[in-house]
Amino acid sequence: MWQEKRADLAASFALRRRSLAKGWYKFSRNPLSVVGLVALVVIVLATGLASYITPYPAHAGPYTNFKAAGQPPSWEHLFGTDRIGRDVFTRVIFGYRFSLLLGIVVLGLGVAPGVILGLIAGYHRGTWVETTIMRVTDVFLAVPPLVLALAITAMLTPSLLNEMFAIALLWWPWYCRLVFAVSSSMRNQFFIREAEFSGASEAHILFREMLPNCLAPILTKMTLDMGIVILLGASLSFVGLGAQPPTPCLGTMVADGAKRLPGEWWSTIFPALAIVLVILAFNLVGDGLRDVFAVEEV
Amino acid sequence: MALLEVKDLCVGYRIFEGHLRVLNRARLEVDSGERVGLVGETGCGKTTTVKSILRVLPIPPAEVASGEILYRGADILRMSHRGIRDLRRREMTAIFQDPLQSLNPMFTVGTQLRDILKDSMGGRGRGRLSRREIEARCIAALHETGMPDPERIMHNYPSQLSGGMRQRVCIAEALSREAQLLLADEPTTNLDVTIQDQILRKLDELVDEKGTSVLIITHSMGVVRDLTQRMYIMYAGTMVETGRTKDLLAAPRHPYTQGLMESVPRLTGVGISDGIPGRIPNYLDPPSGCRFHPRCIHVMPVCKETVPEFFSVGEGHVAACYLYRS
Amino acid sequence: MPESILSVENLTKCFPTKQGLVRAIDGISFVMAPGDTLGLVGESGSGKTTTAQCIVGMYPPTSGDILFKGETIGAAFNRRPKHVKGDLRIVFQDPGSSLNPKRTIKQILSVPLAVHRVGTSRDRLARMKALLEMVELPADEYLYKYPQAIGGGEKQMVALARALATNPSLVLLDEPTSALDVSVQAKIINLLIRLRRELNLTYLFITHDLSLMRNVASRVAIMYLGKLCEIAPTVEFFEHPVHPYTKMLLSSIPVVSDEEEALKPHKAISKGEIPSPVNIPPGCSFHSRCSERGDFCAELDPEMREIAPGHVVRCNQRYGPEGE
């Protein structure tokens, strides 16, 4: 009996490993995707270990040193210092924290409800359930995201939390639509019908039968969305509605430094480049994921 | 000289798991005015063969390892793009399994027929036909296929027609071009049996009239029996038996062919055999020697060593099996 | 006299479409005894698939009754009692889409077992292996494969194993081998015949392949445009076909030998297109293509009459309007 159970687990595990190996093969065929993945891994690790690897971790908090203010890049300060003497390099690494956190929280909050609603709407295609859900989705989609985010954040006090909340509110409709497209076309396939005729519960059909078939577009979109969310977060911070000082935030850093262009270019350019790098990395990985999930024809 | 000759064609595909060695010295011949059938089951390589002849193989992942495909002596695989284009315009034409995929849903039947007619006359030696003449020819082509009310059909979209009518349009498109060689890939598989019967009879009549050579690819023995004079049986990338259709069907010699014939349900009600044991081979690691040997009840040691040549088993009838090595 | 396992009485199913009301099934009736294999044959628009769909509960019928083991089940599946769902199973036509491509065979087979609580969760694994063995597939290998990794014939065997997981009495087979090669079909058909004997199953076999039914079915029924044309025991059906459409179908079958050719009726060559179900011809719906058409066939829609024991036909030419 135990033997059987062990053999069963071993076989399932072997199958999973094979699928991952095949996925990696398809992903790695495009060198750019691998570059993007490496960049992401480096950024995530650097962000996680920020306190340990940055030269001046204290500069991420309230710190001023006007004597060292406005210094150009040097060996001591790789990216130079900003107008109150804080090391830009350190603040960029810490700034990544908030960008990534923003992305994770927004997607975490926004994707799940969108996916669930999309599955339900797709399964009940043609009924009032679908109509209600999709029309509500349409309403949310009709509002331009930046405007709504601005409005909400301005209504509540500007803070990172509120920024996340505002953006998350805007994100779920896209996933709802995406999943609806896949699930509604899948709804009449024989394997779904079979589950229904067998007597499986609706929850089983939605989450065990339909959802695995939707994962590919969801994961790809999530990866590409990280870039968009980070950019949106940076834009909100740029206009002052995001994280408040002294919290290091890439968007705010760009805004502050912009006033000093072209003189002290390093306090704007490096944070800007950092934003570009992380978005590019996510996009490259997203493209790679699309290759992984593409169905091969032989 | 044969009209079409496939000589020792070896084609493979490169995929994640490795190299699929599909076609293994495939051989085929169609003479002028002849009607030849190519019968095989799923995965035997018949579609790869057709795609190679039409030169529409997806390269990569496909690759032609070796072999030639000669059309009137000229190698299709090494022809220039212009040469192939001329060939497709004037000499070769094709009908495929799914007429819904072969016809453009955005244009009416009339538009598509006219375009094809105009294109087939384009290129070198441009013939000028007036609009009225083109229209008349299109309607005549449709009428020839047994289409009811061709003038009205010219204005219909493919989605408005039934499966049988769509296939008639495809046949009209294919035969309006006065081509020498018609490649038909499972032309009636998707159709209802009464409609299939009508279409096959009509096709028979038309190719007879025009003297077109036909290569028909199918998995149905019954279709091949009605329509062809000679046939090939294909298994795992090679042709294993060929001969006159009636002879081959009445007395199949290769063990695979015999297994197939026993599996076909007969109207006499004698029951169906248990099929052929085993599965089609894995092309990543195909069996050595004769690719059928793992499933063959008459297997001998020599079968595992080398691929058998064609041995004569009757007049104009050969089988690639060591059982018949004299 | 064994009680009938399935009784369809005057079943009608209509679908509203843009072009009008389509009567996919129009008043069909037939009975199946336990152990029967009824071959339901027809071409596009015949309604054979819709019949299977109504029986399995995909739609509620527009009118008429379906009785399964004496119990009325004419309702959509979500209103049917659970035991019926386990007792009446279906194998679909397209092996490619009847198995979820993102689930392993093990996960696919576990669904009916879990839903119907077959055995405890501990012996479910053993039960799945037994099911695969029953359809002659090596269990240890196949449980952990995805559907894409196996061939069409094997997918159908898995679909069959899934259907048998709940120990059903009646299995609907909707063109189970139409998409398969002939040698694979042979294997599956023999499997079906063996399992029918071993597990006391009854089959409703839907197909367009009459040659297959000649070797598998105990009775054959022909449908055309939503109505039944003829039902008869197999041998009687093939040796003495009565309905002109039956004869047309038989004459269109591509056969592989001269002796089979001799068995085909030769005066009923196929002609004409199958009318669209939106535009069913008046009177007898087959009259526009019928080679034995009579004067009143365009006006009078015939009734089903028994002309020999177990042999029923619906044709004006077999009996006059007053009934002979």
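Guide: The part to begin with is C:Thr72, which has its place in strand β5 of chain C, a strand made of residues 71-72. Before going further, please keep in mind that this is a predicted model, with an ipTM of 0.85 and a pTM of 0.85. For chain C the mean pLDDT is 88, with 97% of its residues at 70 or more. Where pLDDT is low, predicted coordinates should not be read in detail.

Is C:Thr72 buried or exposed? A residue counts as exposed when 12 or fewer other C-beta atoms lie within 10 Å of its own, and because C:Thr72 has 11 C-beta neighbours inside 10 Å, it falls in the exposed class. Once its neighbours within four places in sequence are left aside, C:Thr72 is in contact with C:Asp65 and C:Leu67.

Stepping back to the whole of chain C, one finds 12 helices and 12 strands. Its radius of gyration is 21 Å, close to the 20 Å that the globule rule gives for 324 residues, and the chain is therefore as compact as a globular protein of that length. Taken along the principal axes, the box filled by the C-alpha atoms of chain C is roughly 70 × 50 × 45 Å. Buried residues account for 50% of the 324 residues of chain C, and if one takes the contacts in this chain between residues at least 6 apart in sequence, 61% of them join residues at least 24 apart.

Chain C also touches chain B, through a contact that takes 32 residues from chain C and 36 residues from chain B. On the side of chain C, the elements that give two or more residues are α8 (182-199), α9 (210-216), α11 (244-252) and α12 (258-263). Of these, α8(C) gives the most, with seven residues, and the residues on this side of chain C divide into 13 nonpolar, 11 polar and eight charged.

Within chain B, the element to look at is an open sheet of eight strands with mixed pairing, whose order is β6-β7-β8-β3-β9-β10-β12-β11. At its edges lie β6 (92-95) and β11 (311-314) of chain B, each of which pairs on one side only, and neighbouring strands of the sheet are turned by 20° against each other on average, when direction is ignored. Strands of a sheet pair through backbone hydrogen bonds, either parallel or antiparallel, and β9 of chain B has a partner of each kind.

With β3 (residues 35-40) of chain B, strand β9 (residues 230-235) of chain B pairs in the parallel sense over five bridges, and in this pairing B:Val39 has B:Ile233 as its bridge partner. With β10 (residues 238-244) of chain B, β9(B) runs antiparallel and is joined by six bridges, and here B:Tyr232 stands opposite B:Thr242. The hairpin of β9(B) and β10(B) has two residues between the strands, and B:Ala236 takes a positive phi near 45° in it. Because six of the six residues of β9(B) are buried, this strand is largely enclosed by the rest of the structure. Looking at the directions of these buried residues, B:Arg230, B:Tyr232 and B:Met234 point one way from β9(B), whereas B:Met231, B:Ile233 and B:Tyr235 point the other way.

Along its principal axes the C-alpha trace of chain A spans about 75 × 50 × 40 Å, and 39% of its 298 residues are buried. For the contacts in chain A between residues at least 6 apart in sequence, 70% join residues at least 24 apart.

How values were computed:
Residues are numbered from 1 along each chain as its sequence is written. Chains are lettered from A and ligands numbered from 1 in the order in which they are written. This is a predicted model: local features need pLDDT of at least 70, side-chain atom pairs count only at pLDDT 80 or more; totals for chains, interfaces and linings use all residues. Helices (H or I, at least four residues) and strands (E, at least two) are DSSP runs, numbered from the N terminus. The radius of gyration is taken over C-alpha atoms; the globule rule is 2.2 Å times the number of residues to the power 0.38. A residue is buried if 20 or more other C-beta atoms lie within 10 Å of its own, exposed if 12 or fewer, and partly exposed in between; C-beta atoms are placed from the backbone. Two residues are in contact if their C-beta atoms, placed from the backbone, lie within 7 Å. Two strands pair if DSSP finds at least two bridges between them. Axes are lines fitted to C-alpha atoms, for helices over the stretch in contact, and angles run from 0 to 180 degrees between N-to-C directions. Ala, Val, Leu, Ile, Met, Phe, Trp, Tyr, Cys and Pro count as nonpolar, Asp, Glu, Lys and Arg as charged, and the others, Gly among them, as polar. pLDDT is the predictor's confidence in each residue, from 0 to 100.
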